[in-house]
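Work through the exercises below with the structure open. Try each task before reading its solution.

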Amino acid sequence: MAQVSGSSVVEGVLIDWVVHRPVEPSRLPPEWLSDEQLAAELQRVQRRRGQDAAHEAELILALAGQRPAAADPAPDHPGARRAGWTAQPGDGEVSEFCTAELAAVLNVGRGTAAIRLTRALTWVRKLPATFAALRDGELDERRAQQLADAVKDVPADVAARVEERLLGEARDLSVTRVGTRAAELVLQLDAAAAEEARVEAAKTADVHVYPSPADGRAVLAVDLPAEEAAAAKDLFDQLARMLKADGDERPIGLLRTLVAAALILRPADSGLPLVAANLTITAALEALEGGCAPGEVNGLVITAAHLRDLLARLGALGVTAPDGGSLAYAVTGPDGELLATFTPAELERLATRGCPEHAVGDCSCALAGPPPTTDRYRPTERQRAFVTARDRRCRFPGCGQRVGAHDLDHVVPRPPCRDPPRACERWGARGSFVHAPGWRFVMTGDGTLQVTTPSGVTRTTRPPGLRPREPEPPPPEPTGGPPSDDPADDPPPF
């Protein structure tokens, strides 16, 4: 029987019954539920899972609180911890044996137990609002996990600023985007520490082999700088697509693994053609001018210093395209909405030509905007460049896949979308299920996409660079006290 110090025997019995009470089978059979009820129940399950994760974290911290590091063997006694041998969660406050005990309780490995303890400590110490939202069922476990992973190694004040800026919109972002956005904010708010961590990480880079879930297979992991990893992935993809074009019917993923193995094990006689990797590097002018705004390489977040170093090595800091590559500019509005994309030649031509109707500096005429509409089924090259620069990743809610070479699709079915008001409202990155029965899609001019499922659930996604607009301020409260009922006080006309 569970006993708590200071509790009565009755209280101890009640606590023991609550902990070990059987689960009551009170759920209705799924086949009895309508589409809307099924969706609602699935959402309730998701909320309960988050609440259970929060409760688990509280229980883990309670157990850790009963296992202080002060109870461990002293440094000069047998069994004492060897400094620097293994990393222990808890900043030296928790016993080194706590993770082993937790692993046995949860029936998981010690590595998993350490992750759970670190996550719980991060939520409570650095992300209290995130933890409260998780406990109240307002945020799911995976998004809360992404936030914890991003800030677990940064100071509490930086974590608080990341939480303040991101938590409000976290539910409307995909899980992958929450992690990416949190990493961007960490790099931006603590650029010096992030750059130091990048330099230190390069010293410990390695190649690892992990067992695959399938028997007889394994995963080869290579820790590389972001641009080299992105270039390698693009190289594997291009060569695999060439094999597909030559009639190879095997899955594209399998072909990528065969290409990678051939290049690593038999680089001299792989028989594969030479190709150049394609990298999409996203940079803000602030970063190029010495600021701390992070950048991206094929969707992988990098520090501003790393970005400047990469562009310098590619020869792009001189505002010229690197050998064999290309360079394009994206112009954004005050909220981060994409207004137009240009090649350097197009931008120079517009700047030289100026407005044909007004003198220099005397007008505010727009010289460029979204690409023009087309009656073609497939997007034009200008439309493809615009949508790829705007979206960068799949726009379907919850998906974070990066955009590939052939990943644009219509946001609305083709017949109703002739002569749309704006070309950027016609396509979105990757497939959009627009021909699936019962689905509804609405995209606004700034790229905000609303997707409604046949069961009535609506999700909203925004392009990565688009910031949520601030809510309109409430109207000012009337002054002068409550209105008078005296007709003589009525202002004209009476």
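A salt bridge is a side-chain nitrogen of Lys or Arg within 4 Å of a carboxyl oxygen of Asp or Glu. The model is predicted: local features need pLDDT of at least 70, side-chain atom pairs count only at pLDDT 80 or more, and totals for chains, interfaces and linings use all residues. Residues are numbered from 1 along each chain as its sequence is written, and side-chain values use heavy atoms, with hydrogens and water left out.

**Exercise 1. Which residue pairs with glutamate 93 in a salt bridge, and where do the two partners lie?**

Step 1. Find the partner. Glutamate 93 and arginine 125 meet through their side chains, 3.1 Å from N to O.

Step 2. Helices (H or I, at least four residues) and strands (E, at least two) are DSSP runs, numbered from the N terminus. Glutamate 93 sits in the loop between helix H2 (35-65) and helix H3 (98-106), while arginine 125 belongs to helix H4 (residues 110-126). The pair links distant parts of the chain, 32 residues apart.

Step 3. Check exposure. Buried means under 20% relative accessible area, exposed over 50%, and partly exposed in between (1.4 Å probe, protein chains only). Glutamate 93 is partly exposed because its relative accessible area is 49%. Arginine 125, at 40%, is also partly exposed.

**Exercise 2. How do H4 and helix H5 (residues 128-135) cross, and which residues meet?**

Step 1. Read the geometry. Axes are lines fitted to C-alpha atoms, for helices over the stretch in contact, and angles run from 0 to 180 degrees between N-to-C directions. The two axes come within 5 Å and cross at roughly 110°. H4 is therefore roughly perpendicular to H5 (a class that covers 65 to 115 degrees).

Step 2. List the contacts, meaning heavy atoms within 4.5 Å. From H4 come Trp123, Val124 and Lys126; from H5 come Pro128, Thr130, Phe131 and Leu134.

**Exercise 3. Which residues touch the most other members of the largest nonpolar core? Where does leucine 307 belong?**

Step 1. Define the set. A nonpolar core consists of buried Ala, Val, Leu, Ile, Met, Phe, Trp, Tyr and Cys residues joined through side-chain atoms within 4.5 Å.

Step 2. The largest core has 37 residues, and Leu117, Trp123, Leu147 and Val162 touch the most other members.

Step 3. Turn to the second core. This separate set of eleven residues includes Val297, Leu307, Leu311 and Ala316. Leucine 307 lies in helix H13 (residues 304-314). It is buried, with a relative accessible area of 0%. Beyond four places in sequence, leucine 307 touches Ile281, Thr282, Ala283, Ala287, Gly295 and Ile302.

How values were computed. Angles under 35 degrees count as roughly parallel, over 145 as roughly antiparallel, 65 to 115 as roughly perpendicular and the rest as oblique.
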